[in-house]
Amino acid sequence: MKLCILLFVTLAAALFASSALADKFPAGFKNNGLNGPLRPVTKGSITTFQIFDRKCSSVDYGDGRGENDCHNGNIRSTLIGPDGKTGESMEYRFDLWIDPSFNYPGFYNDHAIGFLPGALDSRLRIASWEGPFIHNFLYMLKADATKGVTFLGNECQPPARFGSWVAFSMKIRWAADRTGWIRVTCDDKLIYSADNVPTNQAPHCYITNQCEPGVAKNPKRFTFCLGPVMAGFGPEWERYGLASQFTAIQPEGITIKMRNMLIKKGAKP
């Protein structure tokens, strides 16, 4: 009897330890409850994110719309970092690796005319900074096989460098007035900079960037999501003559790795 109890306790402890180990993400980060069947995996110092065609989540967004990722055609594998808030100066830093087999080309987006060269856009975001309201995205780091990794249309890493690590840093003072500033670097090269701006407003506000032009929103808290999200076409996909609500993903899926993930307060420009 004692042996059975001992074996049960040992097995339970092993299962608990295994579960805890599987969910051990970098400090300050947690699993996104809206992830599909494959959540990110951290081993050693590297977190691996994978998304596959139509492998989506049916968990309701909980915002009263009755929608979910499968309904909208979104595929995600992300972690959520600590929130920022107005008045704070923060740095968001991580190293990024994209599988060199990644072949999603991006798409022509007439909503992006005037924002992106040639209006060539990507439905794949690999990091985002969001306010708490519906369609309240402020900044996105995107990727495609045509322009590479970009931030507001500025190159962070060209496609020819996929398979190599790139160090990303965004320093920002969150503000609702002209006390805001932002600096973005890749491998210590400045790719985007702005001063005297309300950083709680999206510089590229158009509908496929999850932002509603002309709709006043004044977020005071900001969520950081890290990891790939392939956006779909929404519930009206049939109206546009599309095959489904999903953006096609290559059969072997998309693999992205990250390391040295860090969020800290007190950043300086």
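This is a predicted model: local features need pLDDT of at least 70, side-chain atom pairs count only at pLDDT 80 or more; totals for chains, interfaces and linings use all residues.

Modeller: The torsion about the S-S bond of C205 and C211 is about -90 degrees, so this disulfide is left-handed. A disulfide is counted here when two cysteine sulfur atoms lie within 2.5 Å, and the sulfur atoms of C205 and C211 are 2.0 Å apart.

Residues are numbered from 1 along each chain as its sequence is written, and side-chain values use heavy atoms, with hydrogens and water left out.

Buried means under 20% relative accessible area, exposed means over 50%, and partly exposed lies in between, with a 1.4 Å probe and protein chains only.

One further cysteine, C225, takes part in no disulfide; its nearest cysteine sulfur belongs to C211 and is 16 Å away. C225 also counts as buried, at 10% relative accessibility.

The structure holds 3 disulfides. Another of them joins C156 and C186, with 2.0 Å between the sulfur atoms. Its torsion about the S-S bond is about -110 degrees, so the link of C156 and C186 is left-handed. C156 lies in strand β13 (residues 154-157) and C186 in strand β15 (residues 181-186), so the pair ties together parts that are 30 residues apart in sequence. Helices (H or I, at least four residues) and strands (E, at least two) are DSSP runs, numbered from the N terminus. C156 is buried, with a relative accessible area of 10%, and C186 is buried at 4%.

The remaining pair is C56 and C70, joined with an S to S distance of 2.0 Å. With 105 degrees about the S-S bond, this link of C56 and C70 is right-handed. C56 is buried, with a relative accessible area of 18%.

If the bonded cysteines are counted along the chain, the disulfides follow the pattern 1-2, 3-4, 5-6.

The setting of these links may now be described. The secondary structure of the protein comes to 2 helices and 18 strands. The radius of gyration of the protein, taken over C-alpha atoms, is 20 Å, close to the 18 Å that the globule rule (2.2 Å times the number of residues to the power 0.38) gives for 269 residues, so the protein is as compact as a globular protein of that length. Its C-alpha atoms fill a box of roughly 75 × 50 × 40 Å along the principal axes. Of the 269 residues, 48% count as buried. Among contacts (heavy atoms within 4.5 Å) with a separation of 6 or more, 64% are between residues 24 or more positions apart.
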